[in-house]
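Please read this report with the sequence and the coordinates open side by side. The sections go from confidence to overall make-up and then to individual elements and residues.

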Amino acid sequence: MSSHAHAGGSTVHAPMAEPSGFIRKYIFSVDHKVIGIQYFLLALTAVVIGIVLSLLMRFHLVWPNATLPFVSGGQMSQEQYLALVTMHGTIMVFFVLTTAPQGGFGNYFLPIQIGAPDMAFPRLNMLSFWVTFLAFVSIIAAFVVPGGAPISGWTGYTPLSGLGEITGPGEGWGQTLWIVSISLFCLASLLGALNFIATTIDLRAPGMSLMRMPLTVWGWFVTAILGLLAFGILLAGGILLLLDRSAGTSFFIPAGLVVNDQIQAHSGGSPLLWQHLFWFFGHPEVYIAILPGMGVASHVLSTFARKPVYGYRAMAYAICAIGFLGFMVWGHHMFVSGMSPYSGFAFSVLTMSIGVPSAIKTFNWLGTLWGGKIQFKSPMLFALGFVSLFVSGGLSGLFLAQPAVDNMLHATYYVVAHFHLVMGVAAIFGIFAATYFWFPKMFGRMMNEPLAKIHFWFTFVGAYCIFMPMHFIGIAGGIRRYADASAVGFLAHLQPVHQFMTIAAFITGAAQLLFLCNFFYSLKFGPRASKNPWNATTLEWITDSPPPIDNFGGHYPSVYRGPYEFSVPGVVDDFIPQSLEPSQVARVK
Amino acid sequence: MPSTIATEDIELIHSGKGPGGGNFSGDTGNGGDSGDSSGASSVPQRAYVTGMFIGLAGILMFFMAFVSAYIVRKGMPASGWIPLQVPRLLWLNTLVLIASSFTLARAHSCFTAKDEDGFRHWWATTTILGTLFVAGQILAWRQLAAEGIFLASNPSSSFFYVFTGAHGLHLLGGILALLYVQFRATRKVARGTAIEVVSMYWHFMDGLWVFLFLLLYLGR
């Protein structure tokens, strides 16, 4: 790639040579596509671990006295249950919901969709991945250190997380590793965010104006801005927490704290300070997990409804509005912390105002479907599932956004149901939609469609079976984080509901094996994919499957139109690629 | 973080060599009009300036988290806060760092005027002043330690060490970047960009320190 010339609108380069040698090509690669797949595989590993942890939790909730072969002492202790809660949350939020949509698909498709040969800073990109990998190794190591995994939840609330071993098993080494892992993850995400933003601003192909970017790119772009502004806060908080634990400072630990009959030698710190720092990061993090999914859902719905996205501009602005508002609502996680009712009111109103851009998105998704020639392919099913779960999960957010209601529900399963539907499962459906949609492009082969559909129906129905009853348990007073509710008088009668959810969880978990089989089988034996198997319009579909090392084989596209030109009246095909010159569009005579 | 900043700078300076970097002829990163969709031709050079802006925004958020923690922690009831007598040496250090910004600006204008000797001279002066600042900060730590004031002695001293430590590490990254430009970055286009972004970083770290110093001094 040493020379370039402008020929008409498109730029032609000599094709770039692939690096030779296994290590440079697959391990320490600077190619954004390889790094994207590395992120994806990391998230896939993490999600398997995360699901196993959640199944263990569900099992324990229903059969608390069962003897388990791999648990020391045979029966799971309450602390071990809390360790499962902590590790499940941490692994899922950071290493799945943040890693797969942004690190995985964002890395792979953002440069291609804007017509760039790579990220702006490829080596930085490689560094981001490997630091994320170190963070993952560090969190997994927490399972095997003395004391085991931490028990202070994925939010690491102080003072539980700030005092060391005295507060429980896992709060020694395990908690330290947790902080190190999260700090490394923050660092990697900051570098990644920098790369994403610079790439989107400066590497767009000629003609790719902001309002011609696919909504996926909008999702990744705004997510990166959120990450840039949020992860530094958690990193700073993590450093202070580490100092509290290891250097004897008192940022978060109050004076006169008595733990296990011992007065702690700390003075005057504020546990709430940690909550503020954590949730100032934590709420944007929720949108970091979901915005790429919104982008993918819009993209896939439009493609398989064979219609332009309804209200493209409104969709792009709504993503920006959600991102912006996301920074002003962290207090709604702290309604029960004794905050002033005036702040509570402000946070409440701001929180509910996020309903406005969310509703714009939902109605525009429905508007996109309205009157479309809908093709129920597997990516489409998952995108529809995303919309469904986002709405069902989002509605309960309106209740929780009110301090008076939240005070009652905060410690219950209602909250667990809410965030699992809206952030967890919805985002996972976004990831599945993206996987089924882009698998042909990434690996050059098609996935098995009937198997994908079976996978969809089991997962979709399963997710509702697990999380809908959870709302009722919450309203009935079922307290979250209790390791054994069967021993609590007023909760014992809810056990049959728990049993139903556990059975649903095991069936849904087993259905994921269908996905794994389909994924790995299709990698090797799936039928070959053409360049554009879905008749889609954006730039990734004009290049080979999988794309060459410089994405477009020495030819750089120019862009002539918006991203969703489906079923344009008077045009022969029902889609017009973004890079097709106006003179080349075949029109009906 | 700080080590990463250094890596970031190295990445920036490598602009001529990076994959996808060598193919673009570039102006020396004049900031550019990033809003429009101009072609891929001048991209990476401009992207380094954009990247530095973005990086600085991230670093700013990182420090602002410490600053808000400082304000909250100090305002706690029964905070046990004993105002820290800031070592007087810090005034001198601050002057040295402010001076380094001026010598850096001088170096930059020499570079624009194609005065290579002047550039090297003032750039080296900046590096020396920066190193002096870091040495001065370490000396201030030692003075405090000699008085028996350590990281965990008091919340005010905790924050003092956190602020100076985090800033100092970032500045060390800046010094590495200055050295890199002095001795390694010779390719013309990449060098212009490198000088541009390293200057941005340095002036930012200078301004940030003045802010932190005023906070430590006036807000003690």
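What follows is a description of a predicted model, arranged by topic.

## Confidence in the prediction

For the complex, the predictor reports an ipTM of 0.93 together with a pTM of 0.92. Chain A has an average pLDDT of 94, and 97% of its residues score at least 70. In chain A, residues 1–9 are a stretch where pLDDT stays under 50, and the model has 18 contacts beyond four places in sequence for these residues.

Chain B has a mean pLDDT of 83, with 78% of its residues at 70 or more. Its residues 1–42 have a pLDDT below 50, and this stretch makes 103 contacts in the model beyond near neighbours in sequence.

## Make-up of chain B

Of its 220 residues, 43% count as buried. When contacts in chain B between residues at least 6 apart in sequence are taken together, 75% of them join residues at least 24 apart.

B:Leu218 belongs to helix α6 of chain B, which covers residues 188–218, and B:Leu218 is exposed because 8 other C-beta atoms lie within 10 Å. Between B:Leu218 and B:Ile98, which are 120 residues apart along the chain, the C-alpha atoms are separated by 19 Å.

## Two helix pairs in chain A

Two packed helices are described by the angle between their axes and the distance between the axes. In chain A, helix α3 (residues 78–113) and helix α6 (residues 215–246) have axes that come within 10 Å and cross at roughly 125 degrees, which means that α3(A) is oblique to α6(A). The crossing of α3(A) and α6(A) is left-handed. On the side of α3(A) the contact is made by A:Gln102, A:Gly106, A:Phe109, A:Leu110 and A:Gln113, and on the side of α6(A) by A:Thr216, A:Val217, A:Trp220 and A:Thr223. Sorted by class, the residues of the contact between α3(A) and α6(A) are four nonpolar, five polar and no charged ones.

Helix α7 (residues 271–305) and helix α8 (residues 312–325) of chain A have axes 11 Å apart and pack at an angle of about 175 degrees, and therefore α7(A) and α8(A) are roughly antiparallel to each other. Here A:Tyr287, A:Leu291, A:Met294 and A:Ser298 of α7(A) meet A:Met315, A:Ile319, A:Ile322 and A:Gly323 of α8(A). The contact of α7(A) with α8(A) has six nonpolar, two polar and no charged residues.

## Backbone features in the loops of chain A

A:Thr158 and A:Pro159 are joined by a cis peptide bond with omega at about 0 degrees, and A:Pro159 sits in the loop between α4 (122–141) and α5 (173–202) of chain A. The bond from A:Ser545 to A:Pro546 is also cis, with an omega near -10 degrees, and A:Pro546 is in the loop between α15 (495–525) and β5 (555–556) of chain A.

Positive phi values in residues other than glycine are a further point to check. A:Asn260 has a phi near 50 degrees and lies in the loop between β3 (258–259) and β4 (262–263) of chain A, where A:Asn260 counts as exposed because it has 9 C-beta neighbours inside 10 Å. A:Arg481 has a positive phi of about 75 degrees and is placed in the loop between α14 (449–475) and α15 of chain A; with 14 other C-beta atoms within 10 Å, A:Arg481 is partly exposed.

## A buried histidine in chain A

A:His418 is located in helix α13 of chain A, which covers residues 413–443. This residue counts as buried because A:His418 has 25 C-beta neighbours inside 10 Å, where 20 or more are needed. Apart from its neighbours within four places in sequence, A:His418 is in contact with A:Gly393, A:Ser396, A:Gly397 and A:Leu400. A:Trp274, by comparison, is 144 residues from A:His418 in sequence, and the two are 24 Å apart in space, C-alpha to C-alpha.

Methods
Residues numbered from 1 in each chain as written. Chains lettered and ligands numbered in written order. Predicted model: local features only at pLDDT ≥ 70, side-chain atom pairs only at ≥ 80, totals over all residues. Buried ≥ 20, exposed ≤ 12 C-beta atoms within 10 Å, placed from the backbone. Contact = placed C-beta atoms within 7 Å. Axes fitted to C-alpha atoms, helices over the stretch in contact; angles between N-to-C directions. Helix = DSSP H or I, 4+ residues; strand = E, 2+ residues; numbered from the N terminus. Parallel < 35°, antiparallel > 145°, perpendicular 65-115°, else oblique. Left-handed = near helix turned anticlockwise from the far one by under 90°. Nonpolar A, V, L, I, M, F, W, Y, C, P; charged D, E, K, R; others polar. pLDDT = per-residue confidence, 0-100.
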